[in-house]
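Hi everyone, thanks for making the time. Please bring up the sequence and the 3D view, and we'll walk through them together.

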Amino acid sequence: MPAIITLTTDFGAGSAYAAAMKGVILSINPSAVLVDITHAVPPQDVRQGALVLDDTTRWFPEGTLHVVVVDPGVGTARRIVYAEIGPQRYIAPDNGLLCLLARRLRPSTIRAVAEPACWLPEVSATFHGRDIMAPVAARLSMGLEVHRLGPPIDRLVELDWPEVRLVPGKIEGSIISIDSFGNLVTDITAEMLEGVPRGEQVRVACGEHETFGIFHTYADQPEMTLIALLGSSNRLELAIVGDNAKIMLGAKVGLPVTVTWPPAT
Amino acid sequence: MPAIITLTTDFGAGSAYAAAMKGVILSINPSAVLVDITHAVPPQDVRQGALVLDDTTRWFPEGTLHVVVVDPGVGTARRIVYAEIGPQRYIAPDNGLLCLLARRLRPSTIRAVAEPACWLPEVSATFHGRDIMAPVAARLSMGLEVHRLGPPIDRLVELDWPEVRLVPGKIEGSIISIDSFGNLVTDITAEMLEGVPRGEQVRVACGEHETFGIFHTYADQPEMTLIALLGSSNRLELAIVGDNAKIMLGAKVGLPVTVTWPPAT
Amino acid sequence: MPAIITLTTDFGAGSAYAAAMKGVILSINPSAVLVDITHAVPPQDVRQGALVLDDTTRWFPEGTLHVVVVDPGVGTARRIVYAEIGPQRYIAPDNGLLCLLARRLRPSTIRAVAEPACWLPEVSATFHGRDIMAPVAARLSMGLEVHRLGPPIDRLVELDWPEVRLVPGKIEGSIISIDSFGNLVTDITAEMLEGVPRGEQVRVACGEHETFGIFHTYADQPEMTLIALLGSSNRLELAIVGDNAKIMLGAKVGLPVTVTWPPAT
């Protein structure tokens, strides 16, 4: 069974920096199977990185190693960590990148990546993805024991994340990401919407725009209509059928989204 | 011989959606070899998807499985199909994506992808690429028999495609795609140009722009000249030598291109 | 040990042209491991291609085959070459793409890629990456002997590259590339800066902008400050801490950068 190592970075879709990491990994483990998750996390945007990991890494086989480089603090005292969260394994700067995963599934193991014997012999001050994280991932994929990486750690760094407010008849959330189709993804999850009616009596509002009903799929409404639906990551999404909601609504990450409905009578 | 599975989507070059599909595939067949064809088909542009498949998949080894997700009708009654066309195998929504391939090489097998036992246990309404097409591809790559997918189908959905008009002394086609260098690719093929002279007596016109002669390579004309040539996919292309014809000519997909020549005397 | 073949091109991050090359390679060697270095070299920019190769290919395992397609002269008499430079192997048009590598590490072998028996049976005039370089790489990865490719060559084409000027108390270089974070990478290397003081007495200037001191990492200065530091490829870089220096300074490749310092007393 080949070892799978994924890469998630903010290097940009056209950057060659990820290839340097791949070269380092393949130099240590030529049989590693490398998969790009994305290199288009917005520069230094730890929150978007955390969301991508939470949505995407769950689909990989048990034991997959996910290397994550969204690292505005590179060269500072910020730690690099190894964590086992559910059946997946992660190597990342300890800056909040793993906090959504860790909130959902308690990490079973957390270690500091602190033992230079596992790194490249020379470590630059600005590219720890290549010089520390890539060789550590490659060595783990070859069977390096986890306790060799560094001392155990109690807990990962958390990010303050705006909480969704739930009151009777109302849910107040916000847009947390925008996908490549311009669909607006919110922090309002399927769980939060349990018991909320789905028909025309539900109003979903974002800024001055509103729509009624929560649907299953884009095709449930006519072209060019604003629609609210439960998206493929089980979050409430706002979309314009057949068009780009981001552009049409001028929407941005952080914009409030509210769901309101009349009391059951 | 490892099983090769390619992905062609409109998710955008930076999207992590393709990685979720890769995770699903590797969870079922960890030895699958995954190749990205492109994730930059313009959103929901089935025609551009059909063109990319027709140009690119022919270069892959016999038996390669091509998974294609350009799926504006996801969640509607549109079918998903499995098709064997020439030596290649395809899994795609039946919305015309395969029609250029099928026009050139009659499909030998077409099946509906209709048997939920081959899918993920839970299927979302908006991401059948991950929940249906990826697991079906992975299972086929592990030897699943094709008749298990669903019932046979007579014919694939066709797209109305503007026909190239051929009359003595004149070919009327149009721009069907524009590559990343800004070269304008037409629907006028090498076959259609058989017997047409290649010298200065041939006029190729696009809007108010014209050029004379049909060449082999960009270097056959000086820098900054508009040139017509037979491109690498055997279609007539218009290019500006050393520059970007799309920008310089303000060209768009759909613009008419005519080739005219005087009668042989 | 699987054979690793990398691709570096100017096809654009969304282009399917690279996939056609991968299909050709896998048709000849289904076990080849394919790694993308980048497909976002600016169109026909041989200099940027040369820089990417020099920075990135050194991280790959010994014997890796690097196929490079930045080829404005495709279809002209420009040669295609195979070169062994240090422990790496390259296939590229002989247009200067390999000159930075060859300046640093003398090539041990250079051959013309001139023997059509190693190519695809049909060769287009405009896509030698697919029709010549890909099959040659695949055949080399299967053990084809190098002398079968074509005759030996004495030297690779060189590019005129502006020389960095070193005088006592002053180094005059320029910006040679800009990374995806907007950091400005110069041709002033760590070697050239040996013996130069690093403290506040050193002035680094770019156009009307200046900064004092040469640092190790972005975090050594406050947010929104212009900082000079030795980057991960051992070149002097200019960055805006937490922001994009390219945009903030309106910087471009080619802009002069000078380092000045007072004489030791």
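Let me start with a question: is C:Arg78 buried or exposed? C:Arg78 is buried, because its relative accessible area is 16%, and buried here means under 20%, with exposed being over 50% and partly exposed in between, using a 1.4 Å probe and protein chains only.

Before going on, some housekeeping. What you see is a predicted model, where local features need pLDDT of at least 70 and side-chain atom pairs count only at pLDDT 80 or more, while totals for chains, interfaces and linings use all residues. Residues are numbered from 1 along each chain as its sequence is written, chains are lettered from A and ligands numbered from 1 in the order in which they are written, and side-chain values use heavy atoms, leaving out hydrogens and water.

Now back to C:Arg78. Its side chain meets that of C:Asp71 in a salt bridge, at 2.7 Å from N to O. By salt bridge I mean a side-chain nitrogen of Lys or Arg within 4 Å of a carboxyl oxygen of Asp or Glu. Side chains of opposite charge can pair when their charged atoms come close. C:Asp71 is buried as well, with a relative accessible area of 10%.

How many salt bridges does the structure hold over all chains? The count is 36. Let me show you two in chain B. B:Arg58 pairs with B:Asp54, and the closest N and O atoms are 3.9 Å apart.

Helices (H or I, at least four residues) and strands (E, at least two) are DSSP runs, numbered from the N terminus. B:Glu158 is partly exposed at 44%, and B:Arg103 is partly exposed at 43%.

In chain A, you can look for a network of salt bridges that links A:Asp54, A:Asp55, A:Arg58, A:Arg104 and A:Arg235.

The size of an interface is often given as the accessible area lost when the parts come together. Helix H1 (17–28) and helix H4 (128–141) of chain A each supply at least two residues of the side that touches chain C. The largest share of that side, eight residues, comes from H1(A). The contact takes 27 residues from chain A and 24 residues from chain C, where contact means heavy atoms within 4.5 Å. And what about salt bridges across this interface of chain A and chain C? The rule finds zero.

Let's move on to two loops in chain C. C:Pro72 lies in the loop between strand E3 (65–69) and strand E4 (80–85), and it is partly exposed at 36%. Leaving aside neighbours within four places in sequence, C:Pro72 is in contact with C:Gln44, C:Val46 and C:Asn95. C:Asp45 is 27 residues away from C:Pro72 in sequence and 8.4 Å away in space, C-alpha to C-alpha.

C:Asp243 is in the loop between strand E13 (235–240) and helix H5 (245–249) of chain C. At 31% relative accessibility, C:Asp243 counts as partly exposed. Not counting residues up to four places away in sequence, C:Asp243 touches C:Phe181, C:Met224 and C:Met248.

A:Val204 has A:Thr211 as its bridge partner in E11(A). Two residues lie between the strands, and A:Gly207 in the turn has a positive phi of about 60°.

Technical notes:
Two strands pair if DSSP finds at least two bridges between them.
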